[in-house]
Every structure is written in C-alpha cells, then in structure tokens.
Amino acid sequence: MQLNINGRTHEVDVEPSTPLLWAIREQVGLTGTKYGCGIAQCGACTVHIDGTAVRSCVMPVSAVAGKRITTIEGLASGNVLHKVQKAWVDHEVPQCGYCQAGMIMAVAALLKEKPQPTDADIDATITNICRCGTFQQVREAIHAAAKASV
Amino acid sequence: MTAMPKISRRSFIVSSAAAAGGLALGLRLPFGPEVVRAQDGSPEINAWVVIRPDDTVVVRVARSEMGQGTITGLAQLVAEELECNWSKVTTEYPTPGQNVARKRVWGDFSTGGSRGIRTSHEYVRQGGAAARMMLVQAAADQWKVSASECSAANSIITHQPTGRTVSYGRVAEAAAKLTAPDPKSIKLKDPKDWKIAGKPIKRLDTVDKVTGKQVYGFDLKLPGMLNAAIKECPVFGGKVKSFDAAKVSSMKGVRRVVPVGDTAVAVVADTWWQAKTALDALPIVWDEGPNAKVSSASIAEMLKAGLDAEQAFVGNRNGDAKAALAGAAKKVEAVYSYPYQNHVCMEPMNATARYTPDKCEVWVPTQDGEASFAALLSVSGLPADKCEVYKINLGGGFGRRGAFQDYVTQAVLIAKQMPGTPVKLLWSREEDMRQGRFHPVMQCKLTGGFDASNNLTGLHMRLSGQSILASVRPAIVEKDGGRDALSFQGVFESGEHSFGYTVPNLLIDHAMRNPHVPPGFWRGVNINQNAVFIECFMDELAHAAGQDPLEFRRKIMAGHPRNLGVLNAVAERIGWGKPAPQGRFRGLAQMKAFNSFVAAAAEISVEGGNKVKVHRLVGATDCGYAVNPAQIDRQVAGSFVYGLSALFMQECTVKGGRIVEENFNTYNSMRIAQMPKVESIIMPTGGAIWGGIGEPTICVAAPAVLNALFQATGKRIRSVPLKNHGFQLV
Amino acid sequence: MASASAVVNVPANPKRGEIIEIKALVRHAMETGFRRTQLGAVIPRDIIRQFVCLYNGVEVFRAELHPAIAANPLLTFTTVASESGTIEFRWTGDKGFSVIESARITVV
Amino acid sequence: MTSRRNFLIAAGGLAGGMGLTSASGRAHATPEEMQEAVRKVIGTSRVRSGRVKLDLPPLIDNGNSVSLSVAVESPMTPADHVKAIHVFTEKNPLPNVVSVYLGPRAGRANIATRVRIADTQTVTAIAEMSDGTFWSGSMSVVVTLSACLEDGLI
C-alpha cells in the first residue's frame, strides 16, 4: 500500500486495518506523531489528511490511501517553521512536549479554517489533552500565531 | 519568515546515545595528563562543566528534565557562577553508570519531591564557581600574572592591569589540568547579584518539541530492534497461570511470546502494533489470588473503620485535643475522602533493553537514572561495570517514573530471553492505567471545638488510609516505629511540610490502612488529600463560627508569617473583601509543601446548579529563591491543571481486585476550554532553605475551588472527584 | 529425607578432588522482628538461625543467619569432592523450625 | 599495616564520604553498634584491610533481596585457610548479617547469599584466618530514594 506523507510517497507493508499512527511511526519511521490513548481521546496522534486534523490512532491505513497526509515533520516549509511552531517557541508552550506535536497540528488546521479564532472557537476545536497543563500558553500562542502573517 | 533554529544541541546527545550506546563521558584518552574528556574530546574542567574550543559550555545535569524546566534552571545556576556566555550553554546527562564509576560525583539523580533544584543548587553552583576559578587560574598562568588581577565575565577572562583577554575555550585545556580549588575557598554569589539565574530566561529545550524531532523513550530506534507489548495480571498480587502462545505465534511479525517473571506475559514482534494485536488475541489464564475479592466499597469500609480506631500514629500534637473537644461549647465534625488516582503520563511507560552476558544496556525515560540502574543491576545479575542506563526524554513523569522501575525490570527480563536483540517494551494506555502506582486512598475525620466566644480551642484530624512508604520503603516506616511520617505532609509537626496553623489543643494522627492496590508518589503526594481535608475544614470551622474564612485563618496563623504572606497575597489579588462580579464566588487555601509556602484563591461561577466554571485561579509561591520565574509561572499553571483534573474528573475504582478505568474515556483530563485564567505570584523571601516548585501549588487548587463551590451552592462536597456529585467543569 | 520446602543443587558426578559449588535454598519468610502491622504492633521474629552442611556425616560448612538474610535463604559455598556418599543439609530456627535435605554425590 | 582503629576510621570515612545523611533511627544499628558487634567476633585482635573482596550492587532499588558475595584470598590448606567469614552492616536494624564457618575442605573461600539492605550504608566482611589474623573488605551501597526521603520530612 502507498501512503503520501509530507509530499513523499511511501510504500508500507501492513494489514489494511492497521491504524495510520502505527504505519507512520513504525513503517515510515516518522516518530513525531505520538500515541497517547489509541481511542481518539487525547489528540497526541493528530495529523492532517487533505488539510483536515484527524486522530490517526483510529484511522485505518486503508482509508487514507491516495490522500495527502501531513505530520508534524512536514509542517514547516523547508527550514522555515510554521507560524504555529514559531508561536510555540516564542511563548515557550511545551513542558514535557509529548502532546505538543498533536496540539500544534490541531491548531494549524484550526487557523487554516479560521484564521482569527475566538476563544470560543479554540475551546470548541482544540480538545487535546496535555497532562503538563500548558493550556494557558497554548491559548496565548494561538492568538499570537493568528496575528502572525506567515 | 523565520529561519528554523538549528537542531537543538540536545538532540545530538540523544542520537549519539542511541546509536553509539551512550556518551563516553569520563573517557581518559592517552594524551593530556589526567584530563577527563567528553566524547568529542573536549576537556572536562570538572564534573559539571565541559568547555569546547569554540567556547561552547556543556553543563552536566544529573536530574531529569520531564517538562518542569530543571535542566534550564540548573544550567542557569552553573552558568551564573561560571560567568559564561549564556548563548553558548548547552546541557547533557551523565549516565548512572558513570556516576557509580566516579564515586557519585554528580550526587543524586532522583528527580522527585520537587528537589531538582532546591537540593542541588549549592553543589552545582560550587561546580560552576570552581570551574571559573580554574579557568581564571589557567589564564593567569599563561600570562604569568596573579589570578587575583584577573576577572571573568561572559566567557572572557580579562587581566585588569593590562586589559589582555582570552576566551574560556582557549584556556579550557590548561584549566582542566589544574587541581580543583578547595571547596571551602569557594564563595558563592549573593543571589541579589545574579545576572543569569533568577531571570525568566528561555528554556534550552523547546525547539525540538515543536518540530517532532525530540526523541522520547517511546521513539527510540536501535538497529535490529524488536518491539514488545505486555500484559501483567490485572489483579495486583496475581500471577500468570498459563498462556497459549501457539494461538498467536504465527501471526504476522510475531517473534516470541515470553513470560515476564511470574506475573506477566509479553509478545515480541517486528512492530509494536503487531505485538499488541497478538497480545490482545493471546489467551492468558490468571491466578488472581485472594485480592480478586476486593472492591472500592470494601476498601472504603476498611478505611472507615480506621476513622474511630483506638490506635493511630501521631504526626502533630499540641495540648490535649480530646479533652478540649470534650469540653467545647460547640463542635463541628466532618468526614472527607480522597480516591485512587493514576498519573497518566502522556507517554505510557516504556523501556528498551539489550542484553548479552557481557553487557546489559537500558534506554529509559526515567525520573531517577540511578533507580533505573539499580533495577537493571538487580535483574541482569551482571556487575555494575557491565551495565549502563541511558536516560531518554520523558513524556511526563509526575512521580510514576522515579521510585518505580517496573518497566525496566520487565524490559530486562524480556531482553534476557533474547540475548543480543534490543527490545523496546511499550505499555498500552490500558496497561499503563491498570498497572499504576496510584495516589493513595485516604479518609479523614475532622473535629473542631470552639469555646463560648467562638475561638477555636481544639482540633482533631484523624487520617485513615494508605501509606506509600509502608509499601515502597518499609525500612523507613519500621525505623519510625511503624509510622509513615510522609502521610502527614502539610500538617506535620515540623520540617518541610509543617502545619501552618497554631491551635492550642491539636491532634493529627493516622490510622494506617493498607489495601492491596500499590500506592505511589503522585505529583504533590500526600499534600493533595491533606490540603483538601484541612483547608476545606478550616472553611467549615469559619462558617460555623460565623467568621470570614480569611479572618478566621489569620487568627491562628500569627506564628506562621510566610504562610500568611502567601495567603494575604492571593486574597488581595483576587479582591477578597470586595464584592465579586455578579454570579461569582471565591475560595481560599494555603499550605507549606516541599519547603515552599503556597496559597490559592479561586473565583468560580456555577450554572444550572452543576456546571462549574473556574474563571480565575490565583497562585502565590514563596519558594525562598526563584531561579527562573517564567518556568515557575508555567509550573504553577500546570499544577493547577493537574489538580483540577483530579478534583473534578479522576477516580480509579476497584472491582474484582483490579482497576476499572483503563483510558481517557473513563478517566478524563482537563482540556483548554476548562482552563481558568491562572495568575501566578512569585514572592521569594530568601533565607537558608530553598523551596520546591513542581508540586507545592497543586494541592491548593482543589480546596480553593471547593470552598468557592460552597459559597456558590451552599453544598459542602467532602469527597473527590466532583463528577461523583454531578458537578462538571466547564 | 526430602522436603518440599528446600532446594539444593549439588553436582552429581564431580571428579575426585574437584572443588564443587553447592547452592542450598529453603522456603522461609525470615520474619525480621522489626516489621510492624499497620496497627503498629511488632511482628515477632521468626527466622532460621543455623544452617549446617554435612558431607558423609562430617560438617564442612556452617552458617549463623540473622534477620538481614533475605526471605527464602540461599547460601552458595564450595567443598572438595573427596568421596562418594551423601551430602546433608540441615536448617534450624525459631519456633522449632527444622528441615533436613540431602543429595547423593558420586565421585568419578 | 592498618590497625583496627584505622579500620574503624576508614569505614566511618567511607560512609561520611557519600554525602548522604540519614535520620538517627531508634530501631536501627549505628556504626558504633557495628563496631561493638565486630569486637565480639575479633576480641582484642586487630583487623587488617585486604584479602577480602565483598561484592554487592553499588545501587539498590529494593533492599529486600540483594545479592552479596565474599571471596577471600587464601590457599585453603590445612595449614593456611579461612576459618570464618562474618558480614556486618552499619545501618540495618542489627549489625550482624551472617557468619559462616568453613575450613580447608571448602577448597575456596567463596560464599554468596541474599541479604536485606535497609539503607544507604557501608557493608563490611571480616575473614578469620587459621593463623588467628583478621582481614576485611568493605563496600558502600546506595539505596535509591531512601536518602532523599529521609533528609527532608522524616
């Protein structure tokens, strides 16, 4: 089966029911996307499929063949950080950092949909769990990223 | 447009550790007499400081970074005394094996009890100062002048009379050959003069965490590595009776099905998903043992009996509380309870091991590399010089990854059955939640007595419940006559968790009741329940006396000025004594924990009788010295998230001797929508003792909110979590 | 006399004069006398006090055990395989504890 | 040659050098009590350091069952052999751990067992030789976690 990840085509040899998360991590070897629950509760595994934020831990690979998949490793353009990543650095959002790849992917998709999200938009859309409790910085950084041009 | 910052220097360490089997610290190369060198050949000035020719300063950090900012804070302290250029600072972990080989030159690796900075600041600052003195001496020797004529700043040494300068990198080689100064001759800076420490400097480890490059234990890749999934008997104390490996051994990718000790079974496969899929299909018969009869209800009964038991261990006594209560004009009594809770680190437990009869290595996200090493030594049976542990980044710790090294033990037991093959063991979330080391259960009966003038004359706080130390370090309990002094955190007679009130007749005692569920150190440890018990009851007493909760506390806090200082600070910030906005209600709490004085003030509203919105949560911390205020603010906010999640949502119930809640669908955690506005007040007052940061404030969030909830609803909720009472955090 | 509670490991057919390693383990809680119940009461000491190894009736190794010996005491020691016969192991302790185990040895 | 007095000082120095403190335990032995227990074994003799190799893991996470071995340099002949080996701890509840009695028939003076280690401390083994001399070897062990728990609250 072929997966299109971060603009490259990868051949993967897995059962069709294998969750996309594990194909990305164990077949393609991109480990920025994390496992947190396996039941689409925590959001640590969030990636973009055709630009939309999806929790990859419950998405079978068979459902995404031919679709455009973006992981945290593909978010930056070359050596230029995505504005969400930039805001995350400026606001020092991460603590342990484990959930942040998923959080950033969810936020990047939100900003694409709603470039100037309100707090209510954020509350409704960003439902990722962070056990370190970085939410205050996450909110600040989302607003900062929304103000940034690129 | 922003250029992508260079790959963090830490990633080199991780990748080299992963590929080459670790740092070669302490390697003595044939050239350079007596100079200890880092892997790249750069000279070690002393155990804490390596300086490369390009002036890069590598600060060695023994404690683990798990998000709390410790590596940055400790590096700030070393750099402050070293007088180096902060932009040239990077950090690395020495390994536990090197610490053993070098007679524990880096001291304790344990990263818990909010001790990362507060108990190592002195020796790391001395390490920085000693290195500076040696660098200055080396420059002076080179110039043939007296070191007293030279000064150091920003990684440059200047000979004052002539203005000659040289950078650290140029004299590092010579400095490394000098004898270290007598520790007694080292004078540390007055914190008032700090330029790097004490400042809200940016963390050193952010960039890789936003690009996906940061390698956590769970991300480790080694050549030829296989992956293991494990299932341990879900009933604590139970064993494996049998398993039918043939049923799964032909499944795709499966390499081995192995027993792990006598309590667990693991499937080893090419990928973890294959291993987990096969494990789910593997028939396992458990010998559950007698604990299979235990339930949450039976545990609660057991604890309830302790509330009125004759025998109890005393943690704090003053006057004669029982007599005072017997003669009180008015008495108030309440019973509280606190449940089992799981740490639920975002990264489930994992460890990677490679075993051969000549060498056993473990890569593990750990809060205590030495505890991991000790577990490795014990299980491998190999001598210390044939073992090594490489610390990998942690996706959260919160107390689960320190004293408990069960995943290391398991990984080595598996690897021993497959010599030469590296095996990465990863727990599923379900395994992680079933096999926790849980926040202990506790009940508490509080009785307060007033005289005719509504003065508090007597207080009895009877704890009944589980001792962590009796399970984890029984030797310490035995030494104390059976008492677990740690169970009195926040209400103890003295020390870093001393009680913050003076009551003329006081008795705080603990009827130890130990169910079979294994308890652990859970961020804040026993301050969580003790703060709920005592701080909510203080509000109950104030209410019974018809007094304002703040005024009531102040009367019995005269002898506790630092407790009072933080309490006053949050009260002032929240606007205590002034009317709250329409529909909003306030509550307060304070405690001394891990040698820091902390307080919180909450402002909440309740909609529809059960939807609780926490609008503001003010936290104040007097930690003696603040090494990085920006990171302290983040720890305070984060601790409130941890504390509020626990208060509203989290309980591990027991049925059939096992934990019922196995994932976030039944054991929830806060999301951004529920996040209050956190205002952190950092108010260090100096002194000889440094306080901790990661944990203290966690305990004041819950009682502050519970006290506000009473103001809002008139309901005294005396058991956690609030979901059991129909309340929801919105 | 064989006992289910003891496990001994003696090489069965050593060469004459060979130094052989013997392992002897017996099931016993080795209650230290320092542990307490959760009510604070001391749990009385109950340990194995002595272990003796006899080679064809002659004592070749003896140990006095204290509470610091871990539960299910294991002792590893050596002896010279001098002759064929019986190696006997005797554990005695508190509350009349007594276990005897033996192993055949045939020197070649 | 090291006098017994020197040995005592050396053992104390090792423990102090760990830089770890521990509460004075009511129910626990002290280094002095260990010396008293040693004196009971050696009488008025002196102990020299050497010939005895004591081995334990330097780091211990669970002190309930810790591998311990002692190897004494000795020809183990009728004329020159090890008569006994005694193991002592400084900070366990009692100083004595085990005493074993052996002779030339042992062939080698190597023993091993599993012990309880209550705390970070120095463990010492003393061998009594057939010529009446006593030799010793020591090892410092660290019980992880216990030190940081004890120097604070307790």
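What follows is a conversation about the terms used for this model and the values behind them.

Student: What should I know before we start?

Tutor: This is a predicted model, where local features need pLDDT of at least 70, side-chain atom pairs count only at pLDDT 80 or more, and totals for chains, interfaces and linings use all residues. Residues are numbered from 1 along each chain as its sequence is written, while chains are lettered from A and ligands numbered from 1 in the order in which they are written.

Student: How do you know what confidence the predictor has in chain B?

Tutor: We use pLDDT, the predictor's confidence in each residue, from 0 to 100. Chain B has a mean pLDDT of 94, and 95% of its residues reach 70 or more. Residues 1–33 of chain B have a pLDDT below 50, and this stretch has 60 contacts in the model beyond near neighbours in sequence.

Student: What makes two residues count as being in contact?

Tutor: Their C-beta atoms, placed from the backbone, must lie within 7 Å. Take Ala266(B): leaving aside neighbours within four places in sequence, Ala266(B) is in contact with residues including Ala228(B), Val258(B), Ile414(B) and Leu425(B).

Student: How do you know which pair of chains has the most contacts?

Tutor: Four pairs of chains touch, and the most contacts are between chains A and B. That contact takes 48 residues from chain B and 49 residues from chain A. On the side of chain B that touches chain A, H18(B) gives the most, with seven residues. That side divides into 23 nonpolar, 15 polar and ten charged residues. Here Ala, Val, Leu, Ile, Met, Phe, Trp, Tyr, Cys and Pro count as nonpolar, Asp, Glu, Lys and Arg as charged, and the others, Gly among them, as polar.

Student: Which chains does chain A not touch?

Tutor: Chain A and chain C do not touch, with their nearest C-alpha atoms 34 Å apart. Chain A and chain D do not touch either, and there the nearest C-alpha atoms are 23 Å apart.

Student: What makes a residue buried, and how does chain D come out?

Tutor: A residue is buried if 20 or more other C-beta atoms lie within 10 Å of its own, exposed if 12 or fewer, and partly exposed in between, with C-beta atoms placed from the backbone. By that count, 50% of the 154 residues of chain D are buried.

Student: How do you know the number of helices and strands in chain D?

Tutor: Helices (H or I, at least four residues) and strands (E, at least two) are DSSP runs, numbered from the N terminus. On that basis chain D comes to three helices and nine strands. From the N terminus on, the order is α-α-β-β-β-β-β-β-β-β-β-α.

Student: Where does chain D meet chain C?

Tutor: There, 25 residues of chain D are in contact with 22 residues of chain C. Strand S6 (96–101) and strand S7 (109–115) of chain D each supply at least two residues of that side of chain D.

Student: Why is strand S5 of chain C said to pair with S7(D)?

Tutor: Two strands pair if DSSP finds at least two bridges between them. Strand S5 (residues 74–80) of chain C and S7(D) have two bridges, in the antiparallel sense, so they meet that rule. Leu75(C) stands opposite Thr113(D) in S7(D).

Student: How do you know that S15(B) pairs with two strands?

Tutor: Four bridges join S15(B) to strand S18 (residues 423–426) of chain B, and five join S15(B) to strand S16 (residues 359–364) of chain B. Both pairings are antiparallel. S15(B) and S16(B) form a hairpin with two residues between them. Strand S15 (residues 350–356) of chain B is mostly covered, as six of its seven residues are buried.

Student: Why are S5(B) and S7(B) called edge strands?

Tutor: They belong to an open sheet of three strands with the order S5-S6-S7 (chain B) and antiparallel pairing. Strand S5 (150–153) and strand S7 (164–167) of chain B each have a single partner strand, so one side of each is left without a neighbour in the sheet.

Student: What makes a set of residues a nonpolar core?

Tutor: It is a set of buried Ala, Val, Leu, Ile, Met, Phe, Trp, Tyr and Cys residues joined through C-beta atoms within 7 Å. The largest nonpolar core has 352 residues, and Leu135(B) and Ala266(B) are among those with the most contacts inside it. H18(B) brings the largest share of this core, eleven residues.
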